[in-house]
Amino acid sequence: MRVWPHRVSPFEHGEVVDAAVARSRRVGRSAWLGRVGRVGLVAKGVSYGLVGVLAVALAAGAGGRATGREGALEVVADEGYGKALILGLALGFAAYAIWRLAQAIFDREGEGTGGPGIAKRIGYLARAAFYGALAATALTVLDGTEPDSSETGRARQATAEVLGWPGGRWLVAAVGLGFLCAAGFNAYRAFTQKFEEKWYVDDLSARTQRWLSGLGSVGLLARFVVFGLVGLFLLRAAYEYDPQEAIGLDGALRKLLDGAYGEALLGALAAGVLCYAVFCFVEARYRRV
C-alpha cells in the first residue's frame, strides 16, 4: 500500500513557528549569555586600562606610548604574562561580541522594533562585528604576527581606498558624522547618567553609587573627546580629499600631545580613559545583562 507523505497543515506550521520563536527567546534571554556579557565587559575594561596606563606614562615622561587597544596588546605581548593576558582578552572580546550579537538578534535589552529600537540594535550589531575583529587581532598578536600598521595607519589606508570610490568623499564624511554622533551619545550618557537605570545597586550605599557614577561620567566624557577628534579629522579628510588627515585612537592621543599643554591634556584624557576602564568593571559587576 502506498504511503503518502504527511503534509503540514497551516495550523501545524504555525505551531512549529511559534515553538521556534519561543525557543529562540529562551536562548536569547538565558542566564549564560548574561555571564558571557560580564566576561566581555571585564575584557573591555582591561583593554582600555592598558591604553590609559601607557598614555599616563607617556604624559609623565616615564616611557609609555600613545596607542590604541591593538597597539597596547603588542606592548604587553613581550612581557612574561603577556601571552596569557592576550589569550584571555581574545576570549573576552569574543564573549563581548557574542553578547552584543544576542542583544541585536534577540533584543535582550527590550529595545523593540520601532525606529529608535532598531537603530540601537544595529549599533549592537556593529559593536559585535568590531569586537569580533578585535578578538581576531588579539589572536594574531598571540601568534607573533603584528598588525600591518597602527590604528591611524589602517584608518588612513581605508580612507584612501574609500575616497577612490564613486561618492567616496561623502561616505568618508558620513563615517565622520557617525563618530560625532557617537561622541554626542557618550556626552549625553555622561551628563544624564541614565546608565544607572541598568544597574543592580541594592547593596551599594548612596555615596558609593555617586562615586561610581561620577567615574563613569568622566570616562564617557573621555570617549566623547576621542570619538569627537576621530570624527572631526575624518570630516577634514573628506573635505580636503586627503586620507592622511584620518586618525584612530592612537592618533587622537598624539594630537593632544602635540598641541599646547600637550602633556597635561594627554594626562587628563588618559585619566579619563582609566575612569572608563573602571566604569567597564562596574558594569560587569552591577549591570543587568
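**Exercise 1.** Does phenylalanine 191 count as buried, partly exposed or exposed, and what is its relative accessibility?

*Solution.* The structure is a predicted model, in which local features need pLDDT of at least 70, side-chain atom pairs count only at pLDDT 80 or more, and totals for chains, interfaces and linings use all residues. Residues are numbered from 1 along each chain as its sequence is written, and side-chain values use heavy atoms, with hydrogens and water left out. Buried means under 20% relative accessible area, exposed over 50%, and partly exposed in between (1.4 Å probe, protein chains only). Phenylalanine 191 has 66% relative accessibility and therefore counts as exposed.

**Exercise 2.** Describe the salt bridge between arginine 254 and aspartate 250.

*Solution.* A salt bridge requires a side-chain nitrogen of Lys or Arg within 4 Å of a carboxyl oxygen of Asp or Glu; here the N to O distance is 3.6 Å. Both residues lie in helix H9 (residues 249-258), 4 residues apart, about one turn of the helix, where helices are DSSP runs (H or I, at least four residues) numbered from the N terminus. Aspartate 250 is buried, with a relative accessible area of 2%, whereas arginine 254 is partly exposed at 34%.

Definitions and conventions. Helix = DSSP H or I, 4+ residues; strand = E, 2+ residues; numbered from the N terminus.
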